[in-house]
Amino acid sequence: MADLTGTRVLLVEDEPVIALDHAGTLTDAGAEIVGPFPALQEALDELAHTQVDVAVIDYVLREETSVALQEELERRHVPFVVVTAYPKVLVRRGDEQEILAKPVNPDELLMIVQQAIS
């Protein structure tokens, strides 16, 4: 099992049950959750004054995508994992971007987050 003790994870997910699932998986591995945030602007506002080590973000948030958040995370050199029910969508970084298809296997989520911060 991944050890994420001391890792601050920005969690951005607009589906409450999925957000709780991801938060539980990550906190069980020792991570500190920042969020979860259901909307793009809320996540961007939090990121403006909070340091995070990695982010787990849904690609589609209500009526918008998380592309602006991805760009801000890249600007800050914060690794991130995109989670989506639409794994075939064009995601900004192509093959370099970690993409997890919903429903997410908790072990896979932990493995990908661990790899992102290594």
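Modeller: Before we start, a residue is called buried under 20% relative accessible area, exposed over 50% and partly exposed in between, using a 1.4 Å probe and protein chains only. This is a predicted model, in which local features need pLDDT of at least 70 and side-chain atom pairs count only at pLDDT 80 or more, while totals for chains, interfaces and linings use all residues. Residues are numbered from 1 along each chain as its sequence is written, and side-chain values use heavy atoms, with hydrogens and water left out.

Biologist: Is glutamate 13 buried or exposed?

Modeller: Glutamate 13 is buried, with a relative accessible area of 4%. It lies in the loop between S1 and helix H1 (16–28). Helices (H or I, at least four residues) and strands (E, at least two) are DSSP runs numbered from the N terminus.

Biologist: Which side chain does glutamate 13 join through a polar contact?

Modeller: That of lysine 102, at 3.2 Å. A polar contact is a pair of N or O atoms within 3.5 Å; within protein, one must be able to donate a hydrogen and the other to accept it, and residues adjacent in sequence count only if both atoms are side-chain atoms.

Biologist: What forms a salt bridge with lysine 102?

Modeller: Aspartate 58 does, the closest N and O atoms being 3.1 Å apart. The two are 44 residues apart, with aspartate 58 in strand S3 and lysine 102 in the loop between S7 and H4. A salt bridge here is a side-chain nitrogen of Lys or Arg within 4 Å of a carboxyl oxygen of Asp or Glu.

Biologist: And aspartate 58, buried or exposed?

Modeller: Aspartate 58 counts as buried, at 3% relative accessibility. Five of the five residues of S3 (residues 54–58) are buried, so the strand is largely enclosed by the rest of the structure.

Biologist: New topic: which residues of H4 are buried?

Modeller: Leu109, Leu110, Ile112 and Val113.

Biologist: What caps the N-terminal end of H4?

Modeller: Asparagine 105 does, with a side-chain oxygen 2.7 Å from the backbone nitrogen of aspartate 107.

Biologist: Which salt bridge does arginine 75 form?

Modeller: Arginine 75 pairs with glutamate 72, the closest N and O atoms being 2.7 Å apart. Both lie in helix H3 (residues 67–75). Arginine 75 counts as exposed at 56% relative accessibility, whereas glutamate 72 counts as buried at 18%.
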